[in-house]
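Student: I would like to go through this model term by term and see what each label rests on. Could we take the labels in turn and set each one against its criterion?

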Amino acid sequence: MERTITVFRGDGIGPEITACVLEILEAAGAGLTYEIYDVGEAEWQKHGALIPEAAYQSFERTRILLKSPITTPIGKGFRSLNVTLRKKYDLYANIRPAKSSTAVKTPFHDIDMVIFRENTEDLYVGIEKQVDENTIHATKVITRKASERIIRDAFDYARAHGRKKVSCIHKANILKMSDGLFLSIFQDIAREYPEIETNDKIIDNTCMQMVMNPNQFDVLVMPNLYGDLISDLASGLIGGLGLLPSSNLGKDYAMFEAVHGSAPDIAGQHIANPTALLWSACMMLEYMKDFACASRIRRAVDLVLEDGSVLTPDLGGHASTEAYRDAIIAKLD
Ligand code: NAI
C-alpha cells in the first residue's frame, strides 16, 4: 500500500520509540512513506516554533499523523501541544482500547474495554481567570454538539463491533448542568440503539468499580477530563502505560498516539516500551484499511509477549527497547 503519513517524533522517550515503530512498520511491509518532524520545546529553542509550519502543512496534506509524546510544562509555560492539535484539527473522538494480554502478568484478567473520551472541550478549553489574588476560576465547557457526536460514535462503534454495553461516566450529581447535559444526551441517543445495554456511573464510583470488578465494563463514553483519568487507570489494569494505544479522530483528520507521556524519568535509557505507540500505529493501519499488515504486527507482538523472554522492564523483563523491537521483527510472518 502506497501512502504518505506525517510523523511527529516528540521528546523524552519519543524519538526512541518512534524509531522502533517505524522499523517494525517497514519490516512488516506497511509500505508507507514518512514526513518526519521534530516538535516540542527543543524545536522551539532551535527554530522558535513548537510545531514548525512545515509540520502543520504536512499533516494538512497527508491527514494522518503518527505522533509520539510531547512534554508539557507543569503550572506554567506553553499550552499543551496535544490539546492544541486536537482542537485545531477538531479531533473530537479519543478512542482508547484497553485489552488484557494473557501473557502480561497483572492481578486482573480478561479486560476488554474501549474508552471514548470527548477530546475538544470540558476543562481542557484552558480558560482560567484570576478573580482576585487568591482565587482562580477555571471554565468547564460541555456542548450539545460535541457531546452528541462522541456519544453517537461510541454507540456506532458498539453496534459495528458487536459490543453489548455502553456506559456513560459523569459527575452529574454535582455538575448538574454540564454533566447533566452530557448524561441526558446519552439517555436520548441510547433509545436509538435498543439492542445495546446501557447504564451510567458517577466517576468516583467508576474508579472503585474499575479496580474491584473491571470486567463489567465494555464501551465507556465520557467527557474529556474523566476520559484522561480513566484511561490511565485502565492502563494500570492491563499492565501499564506502555500498553495503551489511542486514536484521535475527526471528520477530516486522524492522529494516532500512545496514551502515555514523554516519560522523562526513563528517556535516553533505551528501556521504554514501544508497544503502545506500535499498537497506535496498528490502529492507524486499520483506519487506512490495511488490516493484513496490522494483524501481522499484532500477531508478532502477541508471540513476543507470550514467549516472555524479551520484555522491557515495565513488563518485568530486562530487554532494551531495541532488543524488544528485534524480537518482534523476528516473529513477523
Ligand atoms: P508519563 O506517561 O510520561 O509517565 C508516567 C510513568 O509511566 C513514568 O514512570 C514512565 O516512566 C512510565 N511510562 C510511560 N510510558 C512508558 C513506556 N512507553 N514504557 C515504559 N514506561 C513508561 O507521564 P508523566 O511523567 O506524568 O508526564 C511526562 C510528560 O509527558 C509531561 O510533560 C506530560 O505533560 C506529558 N504528556 C504527554 C502526553 C502526550 O504527548 N500525548 C500524554 C501524557 C503526558
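Predicted model: local features only at pLDDT ≥ 70, side-chain atom pairs only at ≥ 80, totals over all residues.

Student: Why is strand β5 called largely enclosed by the rest of the structure?

Tutor: A residue counts as buried when its relative accessible area is under 20%. Six of the seven residues of β5, which spans residues 112–118, are buried, so the strand is largely enclosed by the rest of the structure.

Student: How do you know that β4 and β5 are paired, and in which sense do they run?

Tutor: Pairing requires at least two bridges found by DSSP between the two strands. Seven bridges join β4, residues 93–99, to β5, and the two run antiparallel, with P97 standing opposite V114 of β5.

Student: What makes β10 a partner of β5?

Tutor: Strand β10, residues 219–222, is joined to β5 by four bridges, and here the strands run parallel; within this pairing, F116 has V221 of β10 as its bridge partner.

Student: Which strands pair with β1?

Tutor: Strand β1, residues 3–8, pairs with β2, residues 32–37, in the parallel sense over six bridges, and I5 stands opposite Y34 in β2. Three bridges also join β1 to β3, residues 64–67, again in a parallel arrangement, where T6 has L65 as its bridge partner.

Student: What makes the unit of β1, α1 and β2 right-handed?

Tutor: The label applies if, with the strands pointing away from the viewer, the path from the first strand over the helix to the second runs clockwise. β1, helix α1 (residues 14–27) and β2 make a β-α-β unit that is classed as right-handed, so the path from β1 over α1 to β2 is clockwise in that view.

Student: How many residues surround the ligand, and what is their make-up by class?

Tutor: There are 21 residues around the ligand, the closest being T72, G261, A263, D265 and N273. By class, this shell has nine nonpolar, eight polar and four charged residues.

Definitions and conventions. Residues numbered from 1 in each chain as written. Heavy atoms only, no water. Buried < 20%, exposed > 50% of the residue type's maximum accessible area, 1.4 Å probe, protein only. Near = heavy atom within 4 Å. Nonpolar A, V, L, I, M, F, W, Y, C, P; charged D, E, K, R; others polar.
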